[in-house]
Amino acid sequence: MHNNAQQYITRAIELAMLGHGFAEPNPMVGCVIVNDKGEIVGEGYHEKFGEAHAEVNALQMAGDRAHGATAYVTLEPCNHEGKTPPCALALIDAGIRKVVIGSIDPHQLSTGGVKSLKNAGIDVEVLDDEACNKLLAPFAKRVSTGLPWVICKWAQTSDGSTITPEGESPWISCEESINRVHAERGCIDGILVGANTVLLDNPSLTARGESPRRLPYRIVLDPILRSPSMQMFLMVTRKQFSFMIHQTMRLTTLAKQSLSKPQTGVLI
Ligand SMILES: [Zn+2]
């Protein structure tokens with residue numbers, strides 16, 4: 001991959017990231033369309049789940065200028081009719097000459113874009129780009145294992161401590177890190193803590209950044225039910241569901257409990 005291609009893929013990744021929090025559970029995807037003079041004529045990203053994919057948005061911006069151009073896409077264009085028509089077909093119909101792809105789609109349902117593009121006579125280059133693979137990692141994990149992407153977060157000093165030798169945990173986060181945490185909370189589906197955190201800190205576990213994009217579930221690991229279900233943090237907002245994970249109650253009891261308390265859900 002020459003330098004310009006790297007530059008376009010980097011730009012496509014930047015665009016893709018704009019969809020973080022809105023695009024999921026779909027992958028974040030960005031697309032840049034470049035004409036034969038090296039000018040960017042179209043840019044797009046998957047802005048929201050269920051809406052147009054990155055390629056379609058970039059093609060719309062490019063219009064007729066897409067004819068004979070090269071498309072740089074972070075992910076293999078989809079090949080199936082889902083909530084929107086297949087992007088491989090849209091690229092073919094627009095007269096794109098070449099498609100440079102960051103990562104192959106790990107989803108069996110939507111992969112196959114490379115084959116369709118090649119069958120239509122389009123030059124295809126697959127990069128297996130490290131940054132694109134990283135961008136795709138949460139989606140790739142979900143579709144290949146059925147498990148969610150997990151982000152671990154903790155605060156520690158520069159010498160690696162999280163508590164003092166006396167067992168105290170003084171405030172060591174800064175405003176910048178807190179803002180970043182709250183921005184990320186507003187883009188994910190759940191925040192998980194242990195029962196000790198509930199008992200010691202009584203946290204609200206809400207996303208308090210500017211304009212949160214998702215409302216995360218609050219999940220407590222509490223095998224022997226030490227944290228009262230009516231703990232204050234569960235009452236912060238009725239819109240935000242909470243799950244308590246434990247091992248002592250029957251599923252039917254849990255289901256009744258979650259139905260009778262709309263602000264709390266329960267999961268084993
Ligand atoms: Zn697509």
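Which handedness does the β-α-β unit made by β6, helix α7 and β7 have?

A: The β-α-β unit of β6, helix α7 (residues 195-201) and β7 is right-handed: with the strands pointing away from the viewer, the path from the first strand over the helix to the second runs clockwise. This is a predicted model, in which local features need pLDDT of at least 70, side-chain atom pairs count only at pLDDT 80 or more, and totals for chains, interfaces and linings use all residues. Residues are numbered from 1 along each chain as its sequence is written. Helices (H or I, at least four residues) and strands (E, at least two) are DSSP runs, numbered from the N terminus.

Strands β6 (residues 190-194) and β7 (residues 217-221) are parallel and share five bridges; two strands count as paired if DSSP finds at least two bridges between them. Within this pair, V193 has V220 of β7 as its bridge partner.

Elsewhere, an open sheet of five strands runs in the order β2-β1-β3-β4-β5, with mixed pairing. Strand β4 (residues 98-103) joins β5 in the parallel sense through four bridges, and V100 is bridged to E125 in β5. Helix α2 (residues 54-62) packs on this sheet, touching β1 (30-34), β2 and β3 (70-75), and its direction makes about 145 degrees with that of β2. Contact here requires C-beta atoms, placed from the backbone, within 7 Å. Axes are lines fitted to C-alpha atoms, for helices over the stretch in contact, and angles run from 0 to 180 degrees between N-to-C directions. Helix α5 (residues 130-145) lies across β3 and β4, at about 60 degrees to β4.

Notes
Two residues are in contact if their C-beta atoms, placed from the backbone, lie within 7 Å.
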